[in-house]
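Trainee: I have a model open and want to learn how to read it. Can you take me through its features one at a time?

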Amino acid sequence: VWLQGDRYDRGKRVLTLFKEKYAPLVLISGNNVLLSPQQRPGEKNISLPAMKRWLIEHGIKPSCVLVDDKAMNTRYQAMNVINLAKKRQWKRIILVGSVHHQLRLFLTFLRVADDLGWEGKIINQPFLLPWYKIPGGRNKNARAIFHDELKKIFFCKQHVASFKRGEEYLKKTVPLLRLQLATKKDARILLRWRNDPTAYVNFFNALPVSLEEHKKWLETILANKKKHLYIVVANSGQKI
């Protein structure tokens, strides 16, 4: 489910998920009315036909793209999508918003799913963007928008699930995780994570590091008995 907003940013995540066969269909949800900054201050959206054309130009067949053009806000997006999920007997949906939008998006969809009695699985897969960057068509960076989203959750609390309900839901649906002490064998995967721009932008040294620098750091950490470096591992054994 590609939620309209941030121009084509979220489409990149949708495209990856579709091409990696995580879903057989893409459902675009939004409207063709509230597209300009005059109608949504601080945001300049693209139309649903433009979003669909973009997907087709990037290799998705028209028959694999569904469009919901009647949703004027997130709550109506959730209602339209969940009703369609019930009608088509979908067992799960993958929600693609942006990292700064995903919390409110998820809690809104969860509330609607509870209200409408849909027992399928909601999977969060946001488009990731460094907090300091400005999303497509916006005039604030991701961090500022996220703070605005938290305010919206408070003011629209009658339309969103509680944080407690969200936590309970995720505990039931997300694979169990465990912690594992890192070793020298983990050097390369740790370096890959360390040199991800969305990670190092938050570091004091906001630059990538070399393999040699990384190895020296890792050796120092592992030799320090007062420090413990853990890796999160899924039940499948995948280090995440």
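Mentor: We go from the whole chain to the sheet, then to the pockets and some single residues.

Mentor: Start with the ground rules. This is a predicted model, so local features need pLDDT of at least 70 and side-chain atom pairs count only at pLDDT 80 or more, while totals for chains, interfaces and linings use all residues. Residues are numbered from 1 along each chain as its sequence is written, and side-chain values use heavy atoms, with hydrogens and water left out.

Trainee: How many helices and strands are in the chain?

Mentor: Helices (H or I, at least four residues) and strands (E, at least two) are DSSP runs, numbered from the N terminus. Here the chain has nine helices and seven strands. Its C-alpha trace spans about 60 × 40 × 35 Å along the principal axes.

Trainee: What share of the residues counts as buried?

Mentor: Buried means under 20% relative accessible area, exposed over 50%, and partly exposed in between (1.4 Å probe, protein chains only). Of the 240 residues, 37% count as buried. Look at contacts too, meaning heavy atoms within 4.5 Å. Among contacts with a separation of 6 or more, 71% join residues 24 or more positions apart.

Trainee: Now the sheet. What is the strand order in the three-stranded sheet?

Mentor: Two strands pair if DSSP finds at least two bridges between them. The order in this open sheet is 1-2-3, and the pairing is parallel. Strand 1 (2-3) and strand 3 (65-68) are at the edges with a single partner strand each, so one side of each has no neighbour in the sheet. Helix 2 (residues 48-57) packs on the sheet and touches strand 1, strand 2 and strand 3. The direction of helix 2 makes about 155° with that of strand 2. That angle is between N-to-C directions, on a scale from 0 to 180 degrees, with axes fitted as lines to C-alpha atoms, for helices over the stretch in contact.

Trainee: How many bridges does strand 2 make to strand 3?

Mentor: Four bridges join strand 2 to strand 3. Strand 1 pairs with strand 2 (residues 26-29) over two bridges. Follow Ile28: it is the bridge partner of Trp2, and it stands opposite Val67 in strand 3.

Trainee: Which way do the side chains of strand 2 point?

Mentor: In a regular strand, side chains alternate between the two faces of the sheet. In strand 2, Val26 and Ile28 point one way, Leu27 and Ser29 the other, and all are buried.

Trainee: What lines the largest pocket?

Mentor: Rolling a probe the size of a water molecule over the atoms shows where empty space is left. A pocket is an open set of points on a 1 Å grid over the protein atoms alone, where a 1.4 Å probe fits, with protein on both sides within 12 Å along at least five of seven lines; lining residues have an atom within 4 Å of a point. Volume is the space filled by probe spheres set on the points, which are joined across faces, edges and corners. The largest pocket has about 1,700 Å³. Its lining has 42 residues, with Arg13, Leu17, Ile123, Asn124 and Gln125 nearest the centre. Elements giving two or more lining residues include strand 4 (92-95), strand 5 (121-124) and helix 6 (163-173). Helix 1 gives the largest share, five residues.

Trainee: How does that lining divide by class?

Mentor: Ala, Val, Leu, Ile, Met, Phe, Trp, Tyr, Cys and Pro count as nonpolar, Asp, Glu, Lys and Arg as charged, and the others, Gly among them, as polar. The lining of the largest pocket has 28 nonpolar, seven polar and seven charged residues. For the second largest pocket, the division is six nonpolar, 11 polar and 10 charged. That second pocket holds about 590 Å³. Of its 27 lining residues, Arg40, Glu43, Arg104, Glu149 and Lys152 lie nearest its centre. Helix 5 gives the most to this lining, four residues.

Trainee: Is His101 buried or exposed?

Mentor: His101 has 6% relative accessibility, so it counts as buried. This residue is in the loop between strand 4 and helix 4. Leaving out residues up to four places away in sequence, His101 touches Arg10, Thr74 and Glu149. Lys21, in the loop between helix 1 and strand 2, counts as exposed because its relative accessibility is 73%.

Trainee: Where does Asp6 lie?

Mentor: Asp6 lies in the loop between strand 1 and helix 1. It has a positive phi of about 60° although it is not a glycine. At 0% relative accessibility, Asp6 counts as buried. Arg7 is in the loop between strand 1 and helix 1, and its phi is near 50°. Arg7 counts as partly exposed, at 28% relative accessibility.
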